[in-house]
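This report describes the helical packing, the nonpolar cores and a few individual residues of one protein. The sequence and structure come first, and the description follows.

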Amino acid sequence: MLLAGSFFVLFPFWVMITTSLLPPEGLGDPAQALWPRELSWQNYPRMLQKAPVFQYFINSLIVSIITTIGHTFLCAMAAYAFSRLKFKGKNLAFFIFLITLMVPPQVNIVPLFFIMKTLHWLDTYWALIVPGLFGAFGVFLLRQWFNTLPRALEDAAKMDGCSPWQTFFYIALPLAKPALATLAIFVFISSWNSFMWPLLATNSEEMRTLPVGIATLKSSYRDVVDWPILMAAAFFSVLPVVVVFLAAQRQFLKGVFSGSIK
């Protein structure tokens, strides 16, 4: 059963890779899409010549890395405050905060666009990064993790003269590595695959992210789509996500299963 499920998951990736290596004469043969008789590595240089895909890749990498680091750190601070600090109206504020999870992201696009326009941030990295630096889901996820930390750790830190900030930075954050890795993977994948907002927030080709740039590789309806080049760009887009997941999968699995075993 597991092998059958793995087949259905991996089969599209296999077709993507084989199609990206097809020579032009092999496009009309469905059998070659599954097992090419001849590999054409020239599709990847052709992809780079047809559009500045490398620039799209760099833009996506900058936006995704900064967004992931900033989002994870800001959510960790807010989650720690909601979990461990005492202040008036904390539960009500957290409840109102969670309500934002029920608001579809599409509802915020128009006001967000006008805010970016007012700040003159359109077609800049600011417009691509700042809106993704915070989210209620990350705060909720990390708050649940911080709730599991024993109070004795904080009491010991206070006895050693640690401030709340030092307790958060030197004790809570290192212990929350699995949860932070889980959130970081979610944020990176979401930022890397984001299409609608980068499409609206950027105008110039130099600021396009990879998903938007890949969409421009597709020819108009009058022309035949160059599938090998399109699949080469798709493989170029999938590769960083796979690398990030493989690099953080141990911490990711710890974060997922941390609450299942006591």
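Helices (H or I, at least four residues) and strands (E, at least two) are taken here as DSSP runs, numbered from the N terminus. On that basis the elements of the protein, read from the N terminus on, run α-α-α-α-α-α-α-α-α-α-α-α-α-α, which comes to 14 helices and 0 strands. The model is a predicted one, in which local features need pLDDT of at least 70 and side-chain atom pairs count only at pLDDT 80 or more, whereas totals for chains, interfaces and linings use all residues. Residues are numbered from 1 along each chain as its sequence is written, and side-chain values use heavy atoms, with hydrogens and water left out.

Buried residues (buried meaning under 20% relative accessible area, exposed over 50% and partly exposed in between, with a 1.4 Å probe and protein chains only) make up 38% of the 262 residues in the protein. If contact is taken as heavy atoms within 4.5 Å, then among contacts between residues at least 6 apart in sequence, 74% join residues at least 24 apart.

Two packed helices are described by the angle between their axes and the distance between the axes. The axes are lines fitted to C-alpha atoms, for helices over the stretch in contact, and the angles run from 0 to 180 degrees between N-to-C directions. Angles under 35 degrees count as roughly parallel, over 145 as roughly antiparallel, 65 to 115 as roughly perpendicular and the rest as oblique. A crossing is left-handed if the near helix is turned anticlockwise from the far one by less than a right angle, and right-handed if clockwise.

| Helix pair | Axes come within | Crossing angle |
|---|---|---|
| α5 (residues 90–99) and α8 (residues 136–146) | 9 Å | roughly 130° |
| α8 and α11 | 10 Å | roughly 165° |

The residues of the contact divide into 6 nonpolar, no polar and 1 charged, where Ala, Val, Leu, Ile, Met, Phe, Trp, Tyr, Cys and Pro count as nonpolar, Asp, Glu, Lys and Arg as charged, and the others, Gly among them, as polar.

The second pair, α8 and α11, is roughly antiparallel, and α8 passes α11 in a right-handed crossing. Here Phe137, Gly138, Leu141, Leu142 and Trp145 in α8 meet Pro178, Ala179, Leu180, Thr182, Leu183 and Phe186 in α11, a contact whose residues divide into 9 nonpolar, 2 polar and no charged.

**Nonpolar cores**

A nonpolar core is a set of buried Ala, Val, Leu, Ile, Met, Phe, Trp, Tyr and Cys residues joined through side-chain atoms within 4.5 Å. The largest such core has 22 residues, and those with the most contacts inside it are Ala76, Val139, Leu142, Phe146, Phe168, Ala172 and Leu180. At least two residues of this core come from each of α4 (53–84), α5, α8, α10 (164–175) and α11 (177–193), and α4 gives the most, with 6 residues. Leaving aside its neighbours within four places in sequence, Ala76 is in contact with Leu142, Phe146, Phe168, Leu173 and Leu180. Apart from this core lies another, of 21 residues, among them Met47, Phe57, Ile214 and Ala234.

**Individual residues**

Thr72, which lies in helix α4, counts as buried at 10% relative accessibility; not counting residues up to four places away in sequence, Thr72 touches Leu142, Leu180, Leu183 and Ala184. Val187 lies in helix α11 and is buried, with a relative accessible area of 10%. Val187 and Thr68 are 119 residues apart in sequence and 5.6 Å apart in space, C-alpha to C-alpha, and Val187 touches Thr67, Thr68 and His71 when residues up to four places away in sequence are not counted.

The loop between α6 (109–118) and α7 (125–129) holds His120, which has a positive phi of about 60° although it is not a glycine and which counts as exposed at 67% relative accessibility. Asp123 lies in the loop between α6 and α7; its phi is near 65°, a positive value in a residue other than glycine, and at 21% relative accessibility Asp123 counts as partly exposed.
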